[in-house]
Amino acid sequence: MAELPSDQVVFNKPKVELHVHLDGAIRVQTILDVAKRRGISLPANTVEGMTQIIILQQPATLTQFLGKFAEYMHVVAGDRAAIKRIAYEFVEDKAKEGVIYVEVRYSPHFLANTKVYPIPWDQAEGDLSPDEVVHLVNVGLSEGERDFKIKARSILCCMRHMPNWSMDVVELCKKYQQGGVVAIDLAGDESLNSEANPEHRKAYEEAVRFGIHRTVHAGEVGPSSVVKEAVEVLKAERVGHGYRTLEDQVLYKNLLAQNMHFEVCPISSKLTSACDPDFTKHPVIRFRKDKANYSLNTDDPLIFNSTLHLDYSIAHKYMGFTEDEFKRLNIGSAKSCFLPEKEKKELVHRLYEAYGMVRSTAF
């Protein structure tokens with residue numbers, strides 16, 4: 001990948017990751033294994049071959065990026081063992097990157113093959129519902145937590161182009177609120193569906209009523225008005241990406257004053273053409289200078305052929321990030337995570353200890 005430094009470890013201390021998609025973080029070997037077991041034919045039968053097909057080689061549009069999921073999602077969707085496996089392996093992979101707490105997001109409907117309309121990825125009707133998908137992911141994550149000694153929670157995604165799924169998503173958030181699901185998200189192609197459908201609004205109103213935490217993909221490729229809607233209408237507590245917020249300086253200053261958290265994904269923003277391809281002009285540099293509240297995240301490491309270490313390496317090499325800033329942003333990420341207050345305080349305390357810092361009295 002041009003202009004990307006090597007996958008060197010520039011911050012070898014505990015990290016928090018808040019914006020990563022489960023279906024964008026699957027191992028290529030797992031895709032091959034499941035395809036073989038299920039008798040699904042793929043355009044390549046080696047890790048190298050499938051990797052070249054799946055990854056984005058050059059910056060593309062968000063729409064083109066989203067099209068990459070069609071290369072492999074039909075392999076794992078509708079398969080119980082595969083869904084549990086990808087959740088478990090995800091936790092293992094994050095543990096290897098030094099992540100001690102992660103919130104992983106996904107659309108349960110994209111992995112189901114019944115009680116979902118339309119059935120995704122041209123699957124035949126089966127017997128795996130979005131509800132059971134959530135249960136399987138929760139099992140995989142919790143087994144991974146036990147084996148790899150990190151904490152993993154999940155966020156369920158509504159999709160901008162599928163408003164008819166959104167009320168179902170919030171009901172699943174309510175059902176599994178004590179079982180590992182910590183929030184609701186609105187994802188999908190902002191460039192085609194910038195304004196939230198009434199069904200999305202209804203789902204977010206329900207989330208507010210039931211104390212379900214809320215994040216929204218906004219201001220990635222869509223205008224700053226999408227961020228404004230996310231915060232003011234959908235009552236988002238965090239903004240996924242949020243780069244275009246800088247186009248509206250009044251909004252940006254208001255969000256700074258509110259300590260709004262921006263889930264920043266450097267490599268992703270280059271390859272989806274969300275930002276200037278020159279990393280030295282990335283909006284997160286402004287966030288850093290303004291001491292904004294933000295995290296560094298991988299988004300979809302499978303499709304970007306990347307790791308969290310690589311995102312940190314880029315921030316260090318091109319964006320002027322120091323070890324002190326990495327510590328600051330991770331503490332901010334821990335404070336902005338969607339864990340219950342007691343667990344959140346424990347996580348923040350753990351980072352202060354790991355970083356050898358005296359903890360401030362104010363939480």
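Visitor: Among contacts in the chain between residues at least 6 apart in sequence, what share joins residues at least 24 apart?
Guide: Welcome! You are looking at a predicted model, where local features need pLDDT of at least 70 and side-chain atom pairs count only at pLDDT 80 or more, while totals for chains, interfaces and linings use all residues. Residues are numbered from 1 along each chain as its sequence is written, and side-chain values use heavy atoms, with hydrogens and water left out. A contact means heavy atoms within 4.5 Å, and the share of these contacts that joins residues at least 24 apart is 73%.

Visitor: What is the radius of gyration of the chain?
Guide: This radius is taken over C-alpha atoms, and the globule rule is 2.2 Å times the number of residues to the power 0.38. For 363 residues, a compact globule would come to near 21 Å, and the chain agrees with that at 19 Å.

Visitor: How many of the residues of helix 14 are buried?
Guide: Helices are DSSP runs of H or I, at least four residues long, and strands are runs of E, at least two long, numbered from the N terminus. Buried means under 20% relative accessible area, with exposed over 50% and partly exposed in between (1.4 Å probe, protein chains only). Helix 14 covers residues 308-318 and is largely enclosed by the rest of the structure, because the buried residues among its eleven number eight.

Visitor: Which strands do the buried residues of helix 14 pack against?
Guide: The buried residues include Leu-308, Tyr-312 and Ile-314. Helical partners of the buried residues are helix 5 (80-96), helix 11 (266-271) and helix 15 (323-335). The strands they pack against are strand 1 (15-21), strand 2 (99-106) and strand 8 (293-296).

Visitor: Is Ile-212 buried or exposed?
Guide: Ile-212 is found in the loop between helix 8 (198-209) and strand 5 (213-218). Leaving aside neighbours within four places in sequence, Ile-212 is in contact with residues including Val-170, Cys-173, Ile-184 and Glu-237. Its relative accessible area is 2%, so Ile-212 is buried.

Visitor: How many residues are in the largest nonpolar core?
Guide: A nonpolar core is a set of buried Ala, Val, Leu, Ile, Met, Phe, Trp, Tyr and Cys residues joined through side-chain atoms within 4.5 Å. Ile-184 is one of the members of the largest core that touch the most other members. Beyond residues up to four places away in sequence, Ile-184 touches residues including Ile-155, Val-169, Tyr-204 and Ile-212. The residue count of this largest core is 124.
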